[in-house]
Amino acid sequence: MSVEHLDVLIIGAGLSGVGAAYHLMKHCPGKRFAVLEGRAALGGTWDLFRYPGIRSDSDMFTLGYNFKPWTHPLAIADGSSIRRYIDETARENGIQEKIRFQHKVLKADWCSEHATWTLQVQRGDDAEPINLSCQHLLMCTGYYRYEAGYTPEFKGREQFQGEFIHPQLWPENFDYSGKNVVVIGSGATAVTLVPAMTDKAKHVTMLQRSPTYVVSLPEGDPLSAFLRRWLPESWVYRLARTRNVAMQMAFYTLAKVWPSLVRKLLLGLAKRQLGADFDMRHFSPHYKPWDERVCVVPNGDLFTVLREGKASVVTEHIDGLTAKGIRLKTGEELPADVIISATGLELQLFGGMQVTVDGVPFEAAKSMGYRGIMLRDLPNAAVVLGYTNASWTLKADLSSEYYCRLINHMDATGMRQCTPRDQARQIKNAPFLDLASGYIQRAAGKIPSQGDRAPWKLYQNYLLDLALLRYGKVEDGYLAFSSPQVGATNARATAV
């Protein structure tokens, strides 16, 4: 049976995958490609997550694509609005026709002799997987496992008589009216769920082991709303995007240079909204700002429900679950009809597919990120990820644009294979993601490292990446190019 061959295969039809398809169509218009999506709908995270209040954790002027203005009045948007935005982008640009739904990639093997990827793909409920091949692979699968989130072992869980839910697998039409709800966690999901569930719940308690920095941002953007009366939508979007990128970078830099000052500022803003009598130990982390992500709440909604008594915060360790709730290490028992384990994600690269190079399994944990896009010793492949200190799509857009530049450079020079190499092994390893968050630490043995210098270092700096990825030289001494033929190799290597 013949194997269908395409120039490029994009894995994943979420925010990153649809964006990558757009850039490929714009910058490499002659390339034949398809988008393989394991689920039955596009949207990725924004289609998978359906828990109450699901929304962006950054503004949509920077989370939106660089080529499609966000025109919704809300700058911090709900999940369904983001899903419609992604769907609109796909339909307006003819990307919808390129997506093959219910195509889950099980395995991808690179053959150096033919400079070709061969993918084993499970198509719907078919008994046997099919094979597809391509020259370039763009993995836009994010970095977490879709099948399930992270849930720690809770002693006595089998005794609990109520509902126990992880937000990633939220039951459809779940009714929590009049119930006591305990949300375990203090990250972005928890601070979203708590105010959202006070609409129907009897009471909502956020049970955290340790506090998180939380900052309130306006849900809308009055300045952009005003400017829309006078300026074209694209101008308004570009102005808001530029302003917000500058503010994000300034805040992050300030936090790293003067952490004590930023800590004092964040705690002061929180106390102002919570009231003078609120116990601030619940919002006073032991770590410095941006050692973990800072959580955003629109219009201070979390602070509002705490101030009004609709919700409460408990900072304590869990001893175990009981029939009627949660027993704390102090001996106190929190009554609960519903327990929500907002305890994080399970990190997973490549969407769970097995990746091999010439039949040998590729071990990501032993590799190193190149420009935060490619991986050392992995040919003709990009892993499209976003920033941890700014909006995801800022980096995802730049990554896709860069890889299109690389494809065009290879075509222009007659090269069919490109591999990041560090032949001398002089680059020192550092953690790929410089965050102390639990989900990052749990995955330390699964994800690649970064280096201590360019182009292996991950700077988490949009302006620097913009200059390097959009305008920098493609051949920098660390990319090995070749044009292998069957039975022979005609190589031009530029690796050091």
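Reader: What makes β14 and β15 count as paired strands?

Author: Strand β14, residues 325–328, and β15 share 3 bridges in the antiparallel sense. Pairing needs at least two bridges, so β14 and β15 qualify. This is a predicted model.

Reader: Which residue of β15 is the bridge partner of Ile326?

Author: Leu334 in β15 is the bridge partner of Ile326.

Reader: Why are β13 and β15 called edge strands?

Author: The open sheet holds 3 strands, in the order β13-β14-β15, with antiparallel pairing. β13 (318–321) and β15 (333–335) each pair on one side only. Neighbouring strands of this sheet are turned by 25° against each other on average, direction ignored.

Reader: How do you know that β9 pairs with β8 and with β12?

Author: Count the bridges against the cut-off of at least two. Strand β8 (residues 180–184) is joined to β9 by 5 bridges, so the two strands pair. β9 and strand β12 (residues 311–315) also have 5 bridges, so they pair as well. β8 and β9 run parallel, and β9 and β12 pair in the parallel sense. Val183 has Met206 of β9 as its bridge partner, while Leu207 stands opposite Val314 in β12.

Reader: What makes the unit of β8, α5 and β9 right-handed?

Author: Helix α5 covers residues 188–197. Point the strands away from the viewer: a clockwise path from the first strand over the helix to the second is right-handed. The β-α-β unit of β8, α5 and β9 is right-handed, so its path runs clockwise in that view.

Reader: What makes a space a cavity, and how many does the search of the whole structure find?

Author: In a cavity a 1.4 Å probe fits but cannot get out. The search finds 2 cavities of 30 Å³ or more. About 110 Å³ lies in the largest cavity. Its lining has 13 residues, and Leu349, Val383, Leu385, Phe432 and Pro448 are the closest to its centre. The lining divides into 11 nonpolar, 2 polar and no charged residues.

Reader: Which residues lie nearest the centre of the second largest pocket, and what lines it?

Author: The pocket holds about 670 Å³ of space. Of its 25 lining residues, Asp59, Leu217, Met247, Gln248 and Val296 lie nearest the centre. β10 (214–217) and α7 (233–257) are the elements giving two or more residues. α7 gives the most, with 5. The lining divides into 13 nonpolar, 7 polar and 5 charged residues. Asp counts as charged, so Asp59 belongs to the charged group.

Key: Residues numbered from 1 in each chain as written. Predicted model: local features only at pLDDT ≥ 70, side-chain atom pairs only at ≥ 80, totals over all residues. Heavy atoms only, no water. Helix = DSSP H or I, 4+ residues; strand = E, 2+ residues; numbered from the N terminus. Axes fitted to C-alpha atoms, helices over the stretch in contact; angles between N-to-C directions. 1 Å grid on protein atoms, 1.4 Å probe; cavity = no way out; pocket = protein on both sides within 12 Å on 5 of 7 lines; lining within 4 Å. Points joined across faces, edges and corners; volume = space filled by probe spheres on them.
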